[in-house]
Amino acid sequence: MIVDDHEVVRRGIADVVAAADGLDVVAEAGTVKDAERRGALLKPQVALIDLQLPDGTGIDVIKALAVSSPETRAIVLTSFDDDDAVSAAVESGARAYVLKTVRGAEIVDVVRAVAAGRVLLDERTLTRRRQANPDPTASLTASESKVLDLVAKGMTNRDIADELGLAEKTVKNHVTSMLAKLGLSRRTQVIAWVASQHTQSWR
């Protein structure tokens with residue numbers, strides 16, 4: 001079963017899967033409600049599920065299927081590549097986590113692996129992701145973190161000094177240290193980086 005609210009995407013995935021030997025698409029759904037109803041009725045062996053749906057999330061679908069069709073193995077197929085989403089997928093019992101940027105052949109390989117009983121997503125996956133992509137702000141001091149937030153708002157060193165009750169020279173030192181720890185060189189890069197961290201959540 002393929003669960004995605006974008007019909008073009010859903011049809012594209014269905015075509016890829018249906019063209020593979022030994023795989024059949026038994027159902028499609030564009031909402032949590034449809035997925036729950038069709039999943040309970042047809043009990044598919046594998047479900048490819050998008051995280052963002054009009055009436056909820058793919059996690060809602062996975063949890064519902066765990067009750068109505070416990071033999072169904074869930075694969076999250078999404079455009080969101082962040083630890084929060086992966087963690088939610090792990091906790092819900094998803095067997096794999098696939099980004100929509102993958103090639104069709106890779107989707108087929110993952111479906112076959114999960115259908116055969118393999119688990120491609122677990123706590124170790126999440127731990128490896130976090131180790132490979134550590135939070136760059138973790139090394140900042142409390143003062144540097146405050147300065148980061150204010151620089152991101154476009155405030156000057158003098159403005160920040162007034163806001164925090166610090167000497168302007170102290171603020172300048174915090175900015176220099178903060179930039180070095182983040183691997184950035186200019187204040188404009190800080191603004192862009194912080195904005196990129198606040199993109200729309202999959203929830």
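1. Buried here means under 20% relative accessible area, exposed means over 50%, and partly exposed lies in between (1.4 Å probe, protein chains only). By that scale aspartate 50 is buried, with a relative accessible area of 7%. This is a predicted model: local features need pLDDT of at least 70, side-chain atom pairs count only at pLDDT 80 or more, and totals for chains, interfaces and linings use all residues. Residues are numbered from 1 along each chain as its sequence is written, and side-chain values use heavy atoms, with hydrogens and water left out.

2. Overall form. The protein chain has 10 helices and seven strands. Its radius of gyration is 22 Å, well over the 17 Å that the globule rule gives for 203 residues, so the chain is more spread out than a compact globule. That radius is taken over C-alpha atoms, and the rule is 2.2 Å times the number of residues to the power 0.38. Along the principal axes, the C-alpha atoms fill a box of roughly 70 × 30 × 30 Å. Buried residues make up 40% of the 203. Helices (H or I, at least four residues) and strands (E, at least two) are DSSP runs, numbered from the N terminus.

3. Strand β3. Both faces are covered. Val46 and Leu48 on one side, and Ala47 and Ile49 on the other, are all buried. β3 runs parallel to strand β1 (residues 2-3), joined by two bridges. Isoleucine 2 stands opposite leucine 48. With strand β6 (residues 73-78), β3 pairs in the parallel sense over four bridges. There, alanine 47 has alanine 74 as its bridge partner. Pairing requires that DSSP finds at least two bridges between the strands.

4. Aspartate 50. This residue sits in the loop between β3 (46-49) and β4 (52-53). UniProt, in an unreviewed entry, lists Asp50 for "modified residue: 4-aspartylphosphate". Such annotations may be inferred rather than shown by experiment. Leaving aside neighbours within four places in sequence, aspartate 50 is in contact with Val3, Asp4, Asp5, Gly58, Leu77, Thr78 and Lys100. Contact means heavy atoms within 4.5 Å.

5. The Lys100 link. The side chains of lysine 100 and aspartate 50 meet in a salt bridge (3.3 Å, N to O). The pair links distant parts of the chain, 50 residues apart, with lysine 100 in the loop between β7 (96-99) and α5 (104-115). Lysine 100 is partly exposed, at 31% relative accessible area. A salt bridge is a side-chain nitrogen of Lys or Arg within 4 Å of a carboxyl oxygen of Asp or Glu.

6. Other salt bridges. The count comes to nine. Arginine 11 and glutamate 28 form one, with the closest N and O atoms 2.1 Å apart. Arginine 11 lies in helix α1 (residues 7-18) and glutamate 28 in strand β2 (residues 28-29), so the pair ties together parts that are 17 residues apart in sequence. Glutamate 144 and lysine 181 form another, at 2.9 Å between the closest N and O atoms. This pair links helix α7 (residues 142-152) to helix α9 (residues 168-182), 37 residues apart. Glutamate 144 counts as buried at 5%, whereas lysine 181 is partly exposed at 33%.

7. Most residues other than glycine have a negative phi. Lysine 43 has a positive phi, near 45 degrees, and lies in the loop between α2 (32-42) and β3. Helix α4 (residues 83-92) is mostly covered, with seven of its 10 residues buried. Just after α4, glycine 93 takes a positive phi of about 100 degrees.
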